[in-house]
Amino acid sequence: MARKRIVTTTINGRKNEFLCEPRQTLLEVLRDVLDLTGTKEGCSNGNCGACTVLLDGRAVDSCLVLAVEVDGAEVETIEGVAPVEGLDPIQHAFLEQAALQCGICTPGFIMSAKALLAENPQPSEAEIRFSLAGNLCRCTGYDKIVRAVQQAAETRVAHR
Amino acid sequence: MRDFEYEAPVTLDAAVSLLAEHDGRARPLAGGTDLIDHVRTGRLKPDLVVDLKKIPELNVLEMGAGGLRLGAAVPCWRIYGHEGIIRDYSALADSVRIIGGMQIQNRASVGGNLCNSGPAADSTPALIALEANCVIAGPNGRREVPAEAFCTGPNMNVLSRGELLVELRFPPRPPKSGSHYRRFIPRNEMDIAVVGVGAAVVLDESGERFVSARIGLGAVAATPLFARDASDLLAGQPVSEEAIRRAAAAARAIVRPIDDKRGTIEFRIHVTGVLVERVLWMAVDRARNVPHS
Ligand SMILES: Cc1cc2nc3c(=O)[nH]c(=O)nc-3n(C[C@H](O)[C@H](O)[C@H](O)COP(=O)(O)OP(=O)(O)OC[C@H]3O[C@@H](n4cnc5c(N)ncnc54)[C@H](O)[C@@H]3O)c2cc1C
Ligand code: FES
Ligand code: FES
């Protein structure tokens, strides 16, 4: 068995050290070692986006990242999105627009939307659909998710 | 997932030594968007994974008088965000913008796309069109291979044991040149190319005559193809419907596609012709500086 490695990262703003085997993905470590189970596993092959987290600010599928690769990096998961009080405007918009049914895709969509809005605060509908193409939802039919991201973009602009 | 060791060397020499010492049991890792799935499903069984992302040479992204140098591990997002590449090497930017979705593009590299050597790899026809040379390092030193000669079969390439791809070198683009990559897929995004075409053209000063052209084809044979005859047919010809239709016919003549759920042989041959025409016209418009939305 390959020796375990010590990995030092910042997760949701907090310094974190964990032990893992090279073969463990970031998704496995988040859920099974660090108990951050908000990040979901759908396909484990990069197609569904349920496992999306931000790695140094960029959206990645955590099932396609080895945990050892994040040594020295910053990771943000769904657990780090809400402020101490209340919700992030994106989370709020998902609730208001009823952009979820079973909810398993939602953490991934919110992380992707967060990355999108950070880079492009006022995306067009086409840009939203293109950027969220790596996130699959079996329940909502996507329209409500797109509307939620549009609403989040509007509130973010209004609050600036 | 199967058990393996992990190393992340910070020099090229160290990476080459690790790969050579493990004699076929080690596998390079760039963005991991192919590799991690291949290990998980047992298609690849490495005992050692060598992460290449900390090696400076593999992260180079430089454009100058000598052309473009693209490190093998540079992720897609750095490429399609590069103004110079968007302007002068448009086909490359077009191709990396559609590899997977945002999450994939934030990790996946052109080096990994080429080394995985899938027949439908989106960036490879663009590399062929833009005349990229693959710089390879190994235990016996360095060598260069043109992009069209890199893949030798489905998921097979010219790399021998201990060798790795260091960077892709592109010659400078002359004035009045333009390029484009486009694929046909039944969805809007996140799909594997049924046919992919990359083309680069150089026009004369008037913009009315081809000086030269290069056409790369994907998903229509066991490897990406350089459509040499189709490309040569355009040199010296006026920019016309007729010349472009003839090049498309020549490209159709060399493809050897398979029948699968994505498309029949007949369909793929037909689409090759359609795409070659459209991609050439777009490359011409770009060479002429015709604005597109
Ligand atoms: C959801 C999803 C969607 C995708 N969509 C597309 C698509 O639209 N178009 C497309 O073309 N591909 C697509 N892919 C495939 C994949 O993302 C690309 O092939 C990608 O470019 C691979 O790059 P990477 O850096 O992740 O490579 P890795 O997975 O790190 O490596 C790929 C292979 O090349 C080897 N390798 C990597 N770098 C080197 C090197 N420098 N020298 C020698 N060997 C090396 C590795 O050992 C491995 O076998 C998709 C994949 C997923 C999971
Ligand atoms: S679980 Fe990672 S993309 Fe589906
Ligand atoms: S809400 Fe069920 S998968 Fe999206």
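This is a predicted model: local features need pLDDT of at least 70, side-chain atom pairs count only at pLDDT 80 or more; totals for chains, interfaces and linings use all residues.
## Where the two chains meet

Across the interface of chain B and chain A, the count of salt bridges is three. There are also 13 residue pairs in polar contact between chain B and chain A, with both partners at pLDDT 80 or more.

Which elements of chain B each supply at least two residues of the side that touches chain A? They are β1 (5–7), α2 (35–40) and α6 (102–105) of chain B. Sorted by class, that side of chain B has 10 nonpolar, five polar and 10 charged residues.

## Sizing up the chain contact

The size of an interface is often given as the accessible area lost when the parts come together. For chain B and chain A, the buried area is about 2600 Å², and carbon and sulfur atoms give 56% of it. Three residues stand out here: Tyr6(B), Met102(B) and Gln103(B) supply 25% of the area that chain B buries against chain A, more than any other three residues. In terms of contacts, 25 residues of chain B meet 32 residues of chain A.

## Inside chain A

Now for chain A by itself. Its domain assignment gives domain 1 (5–80) and domain 2 (89–158), and the C-alpha centres of these two domains of chain A are 21 Å apart. The contact brings together 15 residues of domain 1 of chain A and 13 residues of domain 2 of chain A. About 1100 Å² is buried between the two domains of chain A, with 60% given by carbon and sulfur atoms.

What about charged partners? Two salt bridges are counted between domain 1 of chain A and domain 2 of chain A. Lys114(A) also forms a salt bridge with Glu76(A), where the closest N and O atoms are 2.7 Å apart. On the side of domain 1 of chain A that touches domain 2 of chain A, the elements giving two or more residues are β3 (52–55) and β4 (58–61) of chain A. β3(A) gives the most, with three residues. That side of domain 1 of chain A divides into six nonpolar, five polar and four charged residues.

## Inside chain B

Chain B is assigned domain 1 (5–51), domain 2 (66–170) and domain 3 (194–286). Taken over C-alpha atoms, the centres of domain 2 of chain B and domain 3 of chain B are 20 Å apart. The contact takes 17 residues from domain 2 of chain B and 18 residues from domain 3 of chain B. Between them, about 1300 Å² is buried, 65% of which comes from carbon and sulfur atoms.

Two salt bridges are counted between domain 2 of chain B and domain 3 of chain B. The side chains of Arg286(B) and Asp94(B) meet in a salt bridge at 2.8 Å, N to O. The largest share of the side of domain 2 of chain B that touches domain 3 of chain B comes from α8(B), with four residues. By class, that side of domain 2 of chain B has nine nonpolar, five polar and three charged residues.

## A pair of rings

Finally, the whole structure has three aromatic pairs over all chains. Take Tyr89(B) and Phe170(B): their ring centres are 5.7 Å apart and their planes are at 65°, so the pair is edge-to-face. Tyr89(B) lies in the loop between α4 (83–88) and α5 (90–96) of chain B, while Phe170(B) lies in strand β10 (residues 164–170) of chain B, so the pair ties together parts that are 81 residues apart in sequence.

Terms used:
Residues are numbered from 1 along each chain as its sequence is written. Chains are lettered from A and ligands numbered from 1 in the order in which they are written. Side-chain values use heavy atoms; hydrogens and water are left out. Domain bounds come from an automatic or database domain assignment. Contact means heavy atoms within 4.5 Å. Buried area is the accessible area (1.4 Å probe) that two parts lose on being put together, summed over both. A salt bridge is a side-chain nitrogen of Lys or Arg within 4 Å of a carboxyl oxygen of Asp or Glu. Ala, Val, Leu, Ile, Met, Phe, Trp, Tyr, Cys and Pro count as nonpolar, Asp, Glu, Lys and Arg as charged, and the others, Gly among them, as polar. Rings of Phe, Tyr and Trp (its six-membered ring) pair if their centres lie within 6.5 Å; planes under 30 degrees apart count as stacked, over 60 as edge-to-face and the rest as tilted. A polar contact is a pair of N or O atoms within 3.5 Å; within protein, one must be able to donate a hydrogen and the other to accept it, and residues adjacent in sequence count only if both atoms are side-chain atoms.
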